[in-house]
Amino acid sequence: MSIDMTLGRRAAAYLAATIGGLVLALALLPGDAPATPLDRELRSVLENGAPGGKQISRNRIHWPRAGVTLTLTRSNKANGYWRCVKGKVCLFEHYDGFGRIIWFDRPGQHWLAAYGMAPNPRQHRGASSYMNRRRNAATLKGPNFRHNMSNDGRGHNIPRSINDRASYVQLCC
(Lines give C-alpha, C1' and ligand atoms only; values in the text may rest on other atoms or scores of the structure.)
Protein backbone atom coordinates (compact mmCIF):
# COMPACT_ATOMS: atom_id res chain seq x y z
CA MET A 1 0.00 0.00 0.00
CA SER A 2 1.44 3.34 -0.97
CA ILE A 3 0.41 6.81 0.22
CA ASP A 4 0.39 9.75 -2.17
CA MET A 5 2.22 12.60 -0.34
CA THR A 6 1.72 15.17 -3.10
CA LEU A 7 -1.41 16.56 -1.45
CA GLY A 8 0.30 16.68 1.97
CA ARG A 9 3.32 18.49 0.52
CA ARG A 10 1.07 21.07 -1.15
CA ALA A 11 -0.81 21.67 2.09
CA ALA A 12 2.44 22.06 4.03
CA ALA A 13 3.82 24.52 1.47
CA TYR A 14 0.58 26.52 1.57
CA LEU A 15 0.66 26.60 5.38
CA ALA A 16 4.30 27.74 5.41
CA ALA A 17 3.56 30.49 2.87
CA THR A 18 0.54 31.67 4.89
CA ILE A 19 2.50 31.81 8.15
CA GLY A 20 5.38 33.62 6.40
CA GLY A 21 2.94 36.16 4.97
CA LEU A 22 1.36 36.68 8.38
CA VAL A 23 4.76 37.26 10.00
CA LEU A 24 5.64 39.77 7.26
CA ALA A 25 2.30 41.57 7.65
CA LEU A 26 2.78 41.84 11.41
CA ALA A 27 6.27 43.22 10.90
CA LEU A 28 4.88 46.00 8.70
CA LEU A 29 2.10 47.17 11.01
CA PRO A 30 1.76 50.99 11.30
CA GLY A 31 2.95 50.94 14.91
CA ASP A 32 6.40 49.93 13.75
CA ALA A 33 6.54 52.28 10.80
CA PRO A 34 8.18 55.70 11.16
CA ALA A 35 5.70 58.37 12.23
CA THR A 36 4.41 60.66 9.48
CA PRO A 37 4.16 64.43 10.04
CA LEU A 38 0.38 64.02 10.43
CA ASP A 39 0.86 61.36 13.15
CA ARG A 40 3.35 63.57 14.99
CA GLU A 41 0.99 66.54 14.79
CA LEU A 42 -1.92 64.49 16.18
CA ARG A 43 0.22 63.25 19.06
CA SER A 44 1.40 66.79 19.77
CA VAL A 45 -2.18 68.12 19.93
CA LEU A 46 -3.22 65.26 22.23
CA GLU A 47 -0.23 65.78 24.54
CA ASN A 48 -0.28 69.59 24.66
CA GLY A 49 -3.96 70.33 24.06
CA ALA A 50 -6.99 70.48 26.31
CA PRO A 51 -7.50 67.45 28.56
CA GLY A 52 -10.03 64.81 27.54
CA GLY A 53 -9.16 64.67 23.84
CA LYS A 54 -9.57 61.31 22.13
CA GLN A 55 -8.36 60.27 18.70
CA ILE A 56 -11.48 59.03 16.89
CA SER A 57 -9.97 58.37 13.46
CA ARG A 58 -6.58 58.48 11.79
CA ASN A 59 -6.76 62.27 11.43
CA ARG A 60 -9.42 63.44 13.91
CA ILE A 61 -9.45 64.32 17.63
CA HIS A 62 -12.64 64.93 19.60
CA TRP A 63 -13.10 66.58 23.01
CA PRO A 64 -16.57 65.31 24.06
CA ARG A 65 -17.05 67.54 27.11
CA ALA A 66 -16.15 70.70 25.19
CA GLY A 67 -17.99 69.75 22.00
CA VAL A 68 -14.90 70.37 19.86
CA THR A 69 -13.54 68.28 16.98
CA LEU A 70 -10.26 68.88 15.10
CA THR A 71 -9.57 67.31 11.70
CA LEU A 72 -6.07 67.47 10.26
CA THR A 73 -5.51 67.10 6.52
CA ARG A 74 -2.47 66.08 4.54
CA SER A 75 -3.21 68.44 1.67
CA ASN A 76 -4.01 72.12 1.98
CA LYS A 77 -5.77 72.02 -1.40
CA ALA A 78 -8.42 69.46 -0.46
CA ASN A 79 -11.84 69.99 1.06
CA GLY A 80 -13.69 73.28 1.52
CA TYR A 81 -16.62 74.92 3.28
CA TRP A 82 -18.94 72.00 2.54
CA ARG A 83 -17.25 70.11 5.42
CA CYS A 84 -18.99 72.35 7.98
CA VAL A 85 -22.02 70.48 9.33
CA LYS A 86 -25.31 72.16 10.23
CA GLY A 87 -25.43 73.30 13.86
CA LYS A 88 -21.68 73.92 14.14
CA VAL A 89 -19.23 76.79 13.93
CA CYS A 90 -16.22 75.84 11.82
CA LEU A 91 -12.81 77.47 11.62
CA PHE A 92 -10.42 76.62 8.80
CA GLU A 93 -6.65 76.91 8.68
CA HIS A 94 -6.54 78.47 5.19
CA TYR A 95 -8.67 80.79 3.07
CA ASP A 96 -11.88 79.55 1.43
CA GLY A 97 -12.29 76.63 3.84
CA PHE A 98 -9.09 74.73 3.10
CA GLY A 99 -6.66 72.96 5.42
CA ARG A 100 -7.37 71.70 8.91
CA ILE A 101 -10.82 72.29 10.32
CA ILE A 102 -12.06 72.67 13.87
CA TRP A 103 -15.77 72.32 14.74
CA PHE A 104 -17.48 73.81 17.78
CA ASP A 105 -21.00 72.84 18.78
CA ARG A 106 -21.34 73.87 22.44
CA PRO A 107 -21.78 77.41 23.79
CA GLY A 108 -18.92 79.00 25.68
CA GLN A 109 -15.52 80.51 25.12
CA HIS A 110 -13.00 78.13 23.57
CA TRP A 111 -9.25 78.80 23.62
CA LEU A 112 -8.03 77.92 20.11
CA ALA A 113 -4.48 76.97 21.12
CA ALA A 114 -5.87 74.18 23.33
CA TYR A 115 -7.38 72.57 20.23
CA GLY A 116 -4.49 72.86 17.78
CA MET A 117 -5.37 76.22 16.18
CA ALA A 118 -2.85 78.45 17.93
CA PRO A 119 -2.65 82.06 16.77
CA ASN A 120 0.78 82.28 15.15
CA PRO A 121 1.10 84.24 11.88
CA ARG A 122 4.54 82.69 11.23
CA GLN A 123 3.28 79.09 11.27
CA HIS A 124 -0.12 79.87 9.69
CA ARG A 125 -1.83 77.44 12.04
CA GLY A 126 -4.49 79.87 13.19
CA ALA A 127 -7.91 80.52 11.66
CA SER A 128 -8.09 82.11 8.21
CA SER A 129 -11.70 81.40 7.28
CA TYR A 130 -14.92 80.35 8.98
CA MET A 131 -18.49 79.21 8.55
CA ASN A 132 -21.19 79.67 11.19
CA ARG A 133 -23.98 77.11 10.66
CA ARG A 134 -25.59 77.76 14.06
CA ARG A 135 -28.58 79.99 14.61
CA ASN A 136 -26.85 81.83 17.43
CA ALA A 137 -24.05 84.36 17.37
CA ALA A 138 -20.37 83.49 17.37
CA THR A 139 -17.41 85.82 17.82
CA LEU A 140 -13.68 85.51 17.15
CA LYS A 141 -11.62 87.24 19.82
CA GLY A 142 -7.99 88.24 19.76
CA PRO A 143 -5.64 90.85 21.06
CA ASN A 144 -7.44 94.16 20.55
CA PHE A 145 -10.20 92.86 18.26
CA ARG A 146 -13.56 91.11 18.12
CA HIS A 147 -14.97 89.79 14.88
CA ASN A 148 -18.63 88.75 14.66
CA MET A 149 -19.02 85.61 12.57
CA SER A 150 -22.05 85.92 10.32
CA ASN A 151 -24.51 83.05 10.65
CA ASP A 152 -25.81 83.31 7.09
CA GLY A 153 -24.73 79.74 6.28
CA ARG A 154 -21.97 80.86 3.91
CA GLY A 155 -18.23 80.62 4.31
CA HIS A 156 -16.19 83.76 4.91
CA ASN A 157 -12.51 84.61 4.89
CA ILE A 158 -11.24 86.36 8.01
CA PRO A 159 -10.04 89.92 7.29
CA ARG A 160 -6.33 90.07 6.53
CA SER A 161 -5.60 92.36 9.51
CA ILE A 162 -6.69 89.64 11.97
CA ASN A 163 -5.84 86.53 9.92
CA ASP A 164 -4.14 83.83 12.06
CA ARG A 165 -4.42 86.07 15.15
CA ALA A 166 -7.64 84.91 16.90
CA SER A 167 -7.12 83.49 20.39
CA TYR A 168 -10.69 82.51 21.30
CA VAL A 169 -14.01 81.71 19.71
CA GLN A 170 -17.13 82.60 21.72
CA LEU A 171 -20.38 80.74 20.98
CA CYS A 172 -23.56 82.17 22.37
CA CYS A 173 -26.29 80.07 23.96
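## The chain at a glance

The protein chain has an accessible surface of about 10,800 Å² (Shrake-Rupley method, 1.4 Å probe), and 56% of that belongs to carbon and sulfur atoms. What you're looking at is a predicted model, where local features need pLDDT of at least 70, side-chain atom pairs count only at pLDDT 80 or more, and totals for chains, interfaces and linings use all residues. Numbering starts from 1 along each chain as its sequence is written, and side-chain values use heavy atoms, with hydrogens and water left out.

There are 2 helices and 11 strands (DSSP runs: H or I of at least four residues for helices, E of at least two for strands). Of the 173 residues, 36% are buried, meaning under 20% relative accessible area with a 1.4 Å probe.

## A look at R83

R83 sits in the loop between β3 (68-71) and β4 (89-92). R83 is buried but has no salt bridge (a Lys or Arg side-chain nitrogen within 4 Å of an Asp or Glu carboxyl oxygen); E93, the nearest side chain of opposite charge, is 7.9 Å away.

A polar atom of the R83 side chain does lie 3.2 Å from the backbone oxygen of G97. Beyond its neighbours within four places in sequence, R83 has contacts (heavy atoms within 4.5 Å) with residues including F92, F98 and W103.

## The cysteines

C84 and C90 form a disulfide (sulfur atoms within 2.5 Å), with their sulfurs 2.1 Å apart. Both cysteines, C84 and C90, are buried. The torsion about their S-S bond is about 85 degrees, so this disulfide is right-handed.

Then there's C173, which counts as exposed (over 50%) at 69% relative accessibility.

How values were computed
Lys and Arg count as positive and Asp and Glu as negative; His and the chain ends are not counted. A polar contact is a pair of N or O atoms within 3.5 Å; within protein, one must be able to donate a hydrogen and the other to accept it, and residues adjacent in sequence count only if both atoms are side-chain atoms.
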